[in-house]
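Dear colleague,

Please find below the structure that I am passing on to you. My notes on what was found in it follow directly after.

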Amino acid sequence: MDLNNLAMVWAPNCLRCPSDDLKVIFTNTQKEMEFLRTLMLNLDTESVNGNYKLKDYFSLRHSLHINKTKLLIRGGTVVNHDRSFEADVLCENGIITEVREGIEAPDAEIVDATGNLVMPGGIDTHTHMQLPFMGTVAVDDFYYGTRAAVAGGTTMIIDFVLGPNGEPPLQSYTKWRQWADEKVCCDYSLHVGITWWSDIVAEDMEILTKSKGINSFKMFMAYKGVYQLDDHELLQAFKRCKELGALAQVHAENGDIIAEQSKKMIELGITGPEGHEMCRPEEVEGEATNRAIVLANQVNCPLYVVHVMSKSAADAIVSARRRGCVVFGEPIAAGLGCDGTNYWNKDWRHAAGFVMGPPIRPDSSTPDYLMNLLACGDLQTTGTDNCTFCAEQKALGANDFRKIPNGVNGVEDRMSVIWEKGVHSGKMDPCRYVAVTSTNAAKIFNFYPRKGIIAVGSDADIVVWDPNAKRTISSKTHYQAVDFNIFEGMECHGVTVVTISRGKVVYDHGQMKVVKGSGRYIPRQCFADAAYMPILQRDKVCQPQKVEREPYTGPVVSIP
Ligand SMILES: NC(=O)NCCC(=O)O
Ligand SMILES: [Zn+2]
């Protein structure tokens, strides 16, 4: 039987388990069900409506000495964020149990990593699988999207719950969980978008943090009339995040300017994709990034700026960090691997394929600039904003760039693009690469060391990586469902050889071995050390102090 299915059983109040919901045991046959029942009853369980609720998930993991699944990754160089070293890696039932040279495990499945790097699987901090958006739905759903992710060496995505304005966030979260749980081929987690503001939203944020494993909320400063919050609402949302110990995230663009300037473009007869960039040039992103930083800093709330696309936005983050603000920046594969001159391409479909918000910048030195900041630690994580639409969907805006569904690909190619532009180019070493593609995300979003490192006790989410092999990216060969690839023709060093998700080979030398629905939801606790340690300390030691003085006793002018 496939013991990975046991992951579908979990314990309430256990941090390593998906949520407080009870989930049905997932088995294929009556015999397996009987086996599971025996196993469950030997453990500390409660039976609820014929399903089993484990009181201690760890006891389940420890009890799996029967029917163990073992995988030995042999002969590679382990690369973590802090060091690299020669070692074999033994995985048992989804967990790394040994990391050292010369491991013998006669009963284990062997993955030969000779000459290759063995790294923590990539964590894509920013995806929008099957997002209903701008009148259509993103074509890479949780199945195709996560299948493509593992082909590229990514073993976890963090997607965004983005309900429509007016829908309670808890309701949106439940919908996303249903969509994702039945399709994901690797582990995933969720950020929740705050697309409107009210007391209901504030209440739901508490429930989401306390019982649904959410510790990050994204606020929009753009999409006027749809998702955009004004400054007062932003401040309320930041304050709420702070109270709950969640990380505030922002989509930083000035939506009022965009609304105004896009009308102007249309009046000028500019209806093509170049209008998309021209009505939101980089200072529009820079202004909003700086404003978000100031607002968050005023309420001592840590801030995470998603999709940093421009030098101006990056500079605002870097300068705020120099002033001591707790702010993190996430460039994405599109901004690190492409430039926005594509919006001026004569082929409409090509130009529309790059339309996303904020736009990819036409200043062709931007990708290098962002990569340098990642390399030196001024920017911290990498995502993709993967949100894909085929030609006929992009064509909704054939006569008006404002109607082109915003979004690009990246989930499959992020690891290769960053290796090529970051490591192969000589900007960063492989350890820093692991930090920006995996470890830092696990720390900032609070699931380290469960993921983001190859160490005993961590989940066996691993990529075996050939740093010297090359591949050419193309929509003709990619696994994503979308019919276009913004990295078309890019030759990348650094190729995924084998991907392992929770101890199971899911991609092997070009062969896909995923199981739909086998990924798990990863709940996350609030008050991540990486974001909140300095914040809480500042609350203690940096409170404003009044000046003790004698009362004023002189005359006071009277106001009529
Ligand atoms: N970024 C983008 O263009 N599409 C996805 C929605 C969003 O995050 O803004
Ligand atoms: Zn996004």
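Helix α6 covers residues 231–244, and at 1.5 Å a residue its 14 residues should span 20 Å, which agrees with the 20 Å between its end C-alpha atoms. The expected span is 1.5 Å times one less than the number of residues; helices (H or I, at least four residues) and strands (E, at least two) are DSSP runs, numbered from the N terminus. This is a predicted model, in which local features need pLDDT of at least 70 and side-chain atom pairs count only at pLDDT 80 or more, while totals for chains, interfaces and linings use all residues. Residues are numbered from 1 along each chain as its sequence is written, and chains are lettered from A and ligands numbered from 1 in the order in which they are written.

The buried residues of α6 are Leu234, Ala237, Phe238, Arg240, Cys241 and Lys242. A residue is buried if 20 or more other C-beta atoms lie within 10 Å of its own, exposed if 12 or fewer, and partly exposed in between, with C-beta atoms placed from the backbone. The cover over these α6 residues includes β12 (187–194), α5 (199–211), β13 (216–220), β14 (247–251) and α9 (282–298). Just after α6, Gly245 has a positive phi of about 80°.

In the chain as a whole there are 17 helices and 20 strands, and 54% of the 560 residues are buried.

Not counting residues up to four places away in sequence, Ala292 touches Met221, Val250, Ala252, Leu303 and Val305; contact requires C-beta atoms, placed from the backbone, within 7 Å.

Ligand 1 is surrounded by His128, His251, Met356, Gly357, Asp385, Cys387, Asn406 and Gly407, where a residue is near if its C-beta atom, placed from the backbone, lies within 6 Å.

Val456 is in the loop between α16 (430–444) and β17 (462–472). Because Val456 has 13 C-beta neighbours inside 10 Å, this residue counts as partly exposed. Apart from residues up to four places away in sequence, Val456 touches Ile96, Thr97, Glu98 and Val99.

With kind regards

Technical notes:
Contact = placed C-beta atoms within 7 Å.
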